[in-house]
Amino acid sequence: MKKEDKSLIIETIGNTLGEYGCVYLVQTAGLDAEKTSALRRACFKDDIKMLCVKNTLLKKAFEASATDYSELYDLLHGETTLLLSNVGNAPAKLLKKFRDKNDTLPMLKGAYVEETVYVGEEQLETLANIKSKNELIADVIALLQSPAKNVISGLQSGATKLHGILETLSNKE
């Protein structure tokens, strides 16, 4: 491959990395064509970008990136497939669901999620249970709404009593 072609590919990978906040490195060696195609379809359905890249080109794209991916360099051996997403736990959930049907592949090598690096297959469960940014925002809003809902509910239930008390007092005069 020509040097110009390599630099163009590295730039393309770098631009793609810049579009996504979460990077998963996955080993897909051993999947047959049918299972690989099923994984691609599942990724497309869940809005996850799947890329198969050469490790050397990926490392150069990592190095050129503004984000520090240096902790993932040691994982760039063998076949590496990138799963890119803007939702931190989406690729992990997809991998777990896919592996329920297809034995032990694909295997998680590592991930960069929300500025944190996770290394090794044993981190898959942790990654799947991480709440996404939108889920955390929804939890905070629900917690903030709860006291307000209680006050409004109390006022609404007490409104009929308050109206009755005021009516009784006005009738006494």
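Trainee: Which handedness does the crossing of helix 1 and helix 3 have?

Mentor: A crossing is left-handed if the near helix is turned anticlockwise from the far one by less than a right angle, and right-handed if clockwise. Here, helix 1 and helix 3 make a right-handed crossing. Helices are DSSP runs of H or I with at least four residues, strands are runs of E with at least two, and both are numbered from the N terminus. This is a predicted model, where local features need pLDDT of at least 70, side-chain atom pairs count only at pLDDT 80 or more, and totals for chains, interfaces and linings use all residues. Residues are numbered from 1 along each chain as its sequence is written, and side-chain values use heavy atoms, with hydrogens and water left out.

Trainee: At what angle do the axes of helix 1 and helix 3 cross?

Mentor: Two packed helices are described by the angle between their axes and the distance between the axes. The axes of helix 1 and helix 3 cross at roughly 60 degrees and come within 9 Å. Helix 1 is therefore oblique to helix 3. Axes are lines fitted to C-alpha atoms, for helices over the stretch in contact, with angles from 0 to 180 degrees between N-to-C directions. Under 35 degrees is roughly parallel, over 145 roughly antiparallel, 65 to 115 roughly perpendicular, and the rest oblique.

Trainee: Which residues make the contact?

Mentor: Contact means heavy atoms within 4.5 Å. Helix 1 contributes Lys 6, Ile 9, Ile 10, Ile 13, Gly 14 and Leu 17. From helix 3 come Leu 57, Leu 58, Lys 60, Ala 61 and Phe 62.

Trainee: Which residues of helix 3 are buried?

Mentor: Buried means under 20% relative accessible area, exposed over 50%, partly exposed in between (1.4 Å probe, protein chains only). In helix 3 (residues 55–64), Asn 55, Leu 57, Leu 58, Ala 61 and Phe 62 are buried. They sit on the same side of helix 3, because they cover an arc of only 160 degrees around the axis. That arc is taken from the directions from the helix axis to the C-beta atoms. The face turned away from the buried side carries exposed Thr 56 and Ala 64.

Trainee: What do the buried residues of helix 3 pack against?

Mentor: Their partners are helix 1 (3–19), strand 1 (22–27), strand 2 (49–53) and strand 3 (80–85).

Trainee: Where does Gly 78 lie?

Mentor: Gly 78 is in the loop between helix 3 and strand 3. Its relative accessibility is 60%, so Gly 78 counts as exposed. Leaving aside neighbours within four places in sequence, Gly 78 contacts Asn 55 and Lys 109.
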